[in-house]
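Hello,

Here is the structure we talked about handing over. Please open it first, then read the notes below.

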Amino acid sequence: MANALAEELDKDEVATKAWDSAVLGRLWRFATPHRGKFALSFAILACLFFLELASPWMLKHAIDGPITAASTARAALEGGEFDASPYLRELAWWGLAYLVVVLLAAVFRYLEENQLTRTGQAVVTDLRAHLFAHMQALELSWFDRHPTGSLVTRVTNDVENLNELFTSGLIVLLFDMIKVAVVLVLLFLVSPPLAFLVLVLTPVLIGVSLVFRGGARRAHRSVRARLARLNGYLQEVLSGIRVVQVFRREQRVSRRFGAQLADVNEAHFRTIQLFALFFPIVAWVTVLIQAGVLWRGGYAIHGHAITFGDFILFWFWLQVFVGPIRELGERYNVLQSAFASAERIFLILDTPATLAEPAASRALALPFRGHVRFEHVSFAYDPRSPVLSELSFEIPPGATVALVGATGAGKSTIVNLLLRFYDPTSGRITIDGVDLRELDTQAFRERLGLVLQEDFLFTGTVRENLVLGRAHVSPESMARALEVSAANDIVQRLPMGLDTELAERGATLSTGERELIAIARALAGNPALVILDEATSSVDSATEARIEAATYELLRARSALVVAHRLSTVRRADKILVLHHGKLRESGTHAELLAHNGIYARLHALQFREPE
Amino acid sequence: MLSRLHHEPPPSREPERVRRLLGFVRRFLRHRRALAFGVACIPVVAACDIRLTLWFGDALTRLQAEEDPAFLKGLFFAILGVAAVQGLFRYLQRWWIVGVSRKVEAELKQELFDKLESLPLAFHVQSRSGDIISRLTSDVENVRMLIGPGSMYVLGSLFMVPGSLAVLFHISPGVTLAMSFPLLLVTVAMMIMTPKLQRHSTAVQESLAEIAARAQESFAGVRVVKGYGLVRHEIARFRAVSETNRTHQLKLARVSGLQDAWIHLSYDLAFLPVLVVGGWAMIDRTLAVGDLFKFIDLGFKVFWPVIALGWIAGLFPRAVASAQRIDEVLDQRSEIVEANDARTLPSVAGALALREVSYVYAGAARPALTGITLDVPAGTTLGVVGPTGSGKSTLLNLLGRLFEAQGEIRLDGVPVKSLTLDCLRGALAYVPQDSFLFSDTYRANLEFGADGPLDEAALRGLVEQVAMTSEVNAFPSGLEQLIGERGVTLSGGQRQRTCIARALARDPRVLILDDALSAVDTETESRLLASLRRAGRGRTVVVAAHRLGTVRAAEQILVLREGRPEALGTHEELLERSRWYRETWERQRMSAELAEL
């Protein structure tokens, strides 16, 4: 069982094409603004390549020049006094030239990695920002459909894979091909018969490399999948350790873990086997080529077709030739995973943002009065089940309208529509007399005072959380907001005051404190229109009283749409709308509705917390 | 509990650090046969490598002496033969040594896993699972890398480098000495740069994690982001962390480019004396062209072993830090142990007695539970209710000694601390609040509760008892259906009922339900409760619940408030005596009415 599952896991990761010119074309569009950087990368690679070729060439000339000349001269002297100094001087010059070349090579080698990284990062940083911005423009339901974890993977791992593509993938691969071609030509220039021999044996090397590539990828995939399963099981056991211990199943679970470990190791051993075979085979084929070169080359030297210098030059250049071919398989794999990532990224970039901004959006007229009208608004996420039907109501400037209803009555949908997360299926919503669809959404939202049920705070300082990048929030308005919301002493208690860094989701603060900060955040913008979705979580009574007071301050003299859970809030509302299954069933003030003794009267007894 | 160190090793003294690693070396030595074979291959590989170069060089020297090249044919096949032998040994060496390192890795992981399983819940509550998992994965890998492949490369270098230099020294001591110094620079470069590289790549990893965290937050809080019109703001913030990552990537590239340039330069410089001094000697006729070739070719072959030496030296500090983090887990001791004279009960009736039981979580300001004294006669039901955080789950966990209680808990009159864990926990079954199930087959999840495989009838019976028959029949693979991540997703209520079935598979004397019916609708709940009562006559049940209807029929109900017992009595008694109980009961009743509106 365990084994069958392990093998099934191996097949799981879908293989994709290693070469996709359509994807490549789209990627190239992100690369074009950085053409100059690509050109410079290429120039540096070319210089380095030239220097790599130059040092063996100088060695050849030292051997064929002063060294051979000296020994010929000495032989000609037949034992007479031999003056070596001119030859030594020439040799010293070659040595000096060699030194210059290797120093230059060191400089270019340093520049090479820098420039490749610079190029890749330039493209990838742009792409990442573009991708993130595009995702931000997508509608809310898209985020509900996709698990956050996988979205994060798109902007991290997948973008990193593309970085690989641009640094060690494409440029280097392209250049490797040029290298192989150039060196092959040079080898032919040194000695055509030897070069021909190399040309005949090279396909063997390429073949081994490519065959291995496939095996290595499969083996790695299988290791990865099995390891993921093992770690998943570990994670699972750690989270269920209570159950394991109460049921005294430590041994059974341990055996199971052991079996999965064995699966992982089986895959590891396949990988070891593969690599243990691959390296020696490639080494042997390389020796085969070298031995062939020696055999034929020996005859060529003997027949004076080539010199010793030529032979050594050939030998060195052969190393330059073989290197890229050995790495071919590795590069191919980089390409393959990069293309898979690119496809996933483009899938997101191809998702259109459905709520299009109007062609000519109207700026919010200031002063903003906060006059809201819902006119025959209907909405359905899915046409077969309408969520709201024919809803009409008005929030006159300065008035508070409270929404009340059981879960699923449509309260949060109304909030979502007013925030323009969605557009109504029919009917319209106007703000100060202007259709919401015609307004500049971003500018409208910035002017709202928003307190959502999930009192979401961001990592960053308290100050940043209060300002939230709104230009119209001044230090004074922030101070006033903290004052009236009674959030001041929360801030004062923090070690660094307003500059205290909050942990993820504001975890450093208690639930009640987060709610107060969220109210202060809304107040800081001095909004004309407030949207408040009250939290249902329970807090201690002292905090509850403070939240109540702060809510009162927030709603005073402003237009407000409230999803109410507190009795105090609902009591003070100018109008209460009772929703049931997406329809407006009752409306009026608290006293009127209680007297009516309908749905509201029941809801009232059930939902609204009175301080104990 | 566990130290929170991640990247920087603590300043521990050198002998101490070495001793830690030696402990892991000993694990490798358990496989001494395979290791001995593997190590024995290393000198053979090195010797073949040197032999090949010598043959190539000698051939050139013979050609220089204008010898008849007919010898080349024989040499060709001799070279291929030696290369094949070398290949074979290279294969065996890798297979044995790397193989052993993987075996040791698996053994170490198993040992760590078993250790973790034996540690009490108090340990697990306090440590983050991410941290523990990284000890079991990347730390183990760091140690394996050093002792396994690391030592293979070091040993290879130790044969190859001195061997080659000795051969070359024999040819020309001067040139050999002159070329050794630049080669030494390679090792130095690696030793100095590898820790720097690791630091920078850690910074890159951290900035990537920062990108992930920003994205995660932005996507998770998308309602606030959009609602406040923060999109532009968020994009700017994201761009900032992305830029930080770019900066670190460029720094890393600078260091690794420097290392690369330095290594290659050192290597290239090693050939300068070969060219000048060697060339001089050739002009002097003390060196043949074949000898020059030997210098060049062997120089090329020792290049990588020399790099490897430095690389391994650079890996050392990280491996030591990892060894320490692994040891921290292995050195943990469980406080919940069986007494030396622990006894077993021949049969358990299921009577529970609690005397002044309390519990304080490590580091907590106030006790989670305090002053609980009560008796649960065998075969009766105790309900435990109270607001969130009042200590219900803690109390339930104390019964099976998942936490060690202060005060005394007795099972059938015997203190649970003097019972064997098998006896105590064998008598209990527990249904957790989080309805934890394994991502495994439905059958395996039920059998987890039983002591052995269950037959079809028994399984069907369990499924029937928890009212899951029609759902299980609807699974594409029935009882063999995979559930969880790779299989079907169960609803909250289905998970809870499955957890109950798993507990029933044990036929326990004491059944503990931790708010185990919260996601089941009230109708199913009452059916389930009735079936539990029918099947478990004589069974003691302890049930914590939010919904008071769940515990209504219990013989006793305990109301907990902030860890203290507020009231104990029957449903009717509590309606009189406890304000909280009465109000909660009223509210829940109305809620049920409204649902039917």
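What share of the 612 residues in chain A is buried? The figure is 40%. Bear in mind throughout that this is a predicted model.

Overall form of chain A. Its radius of gyration is 37 Å, whereas a compact globule of 612 residues would come out near 25 Å. Along the principal axes, the C-alpha atoms fill a box of roughly 130 × 60 × 50 Å. The secondary structure consists of 21 helices and twelve strands.

One helix, H17(A). It covers residues 511-524 of chain A. After the helix comes Asn526(A), with a positive phi near 45°.

The contact between the chains. Chain A puts in 104 residues, and chain B puts in 104 residues. On the chain B side, the helix that gives the most is H8, residues 231-283, with 30 residues. By class, that side of chain B has 58 nonpolar, 24 polar and 22 charged residues.

Then turn to H8 of chain B, which gives 30 residues to the side touching chain A.

Best wishes

Terms used: Residues numbered from 1 in each chain as written. Chains lettered and ligands numbered in written order. Predicted model: local features only at pLDDT ≥ 70, side-chain atom pairs only at ≥ 80, totals over all residues. Helix = DSSP H or I, 4+ residues; strand = E, 2+ residues; numbered from the N terminus. Rg over C-alpha atoms; globule rule 2.2 N^0.38 Å. Buried ≥ 20, exposed ≤ 12 C-beta atoms within 10 Å, placed from the backbone. Expected span 1.5 Å × (residues − 1). Contact = placed C-beta atoms within 7 Å. Nonpolar A, V, L, I, M, F, W, Y, C, P; charged D, E, K, R; others polar.
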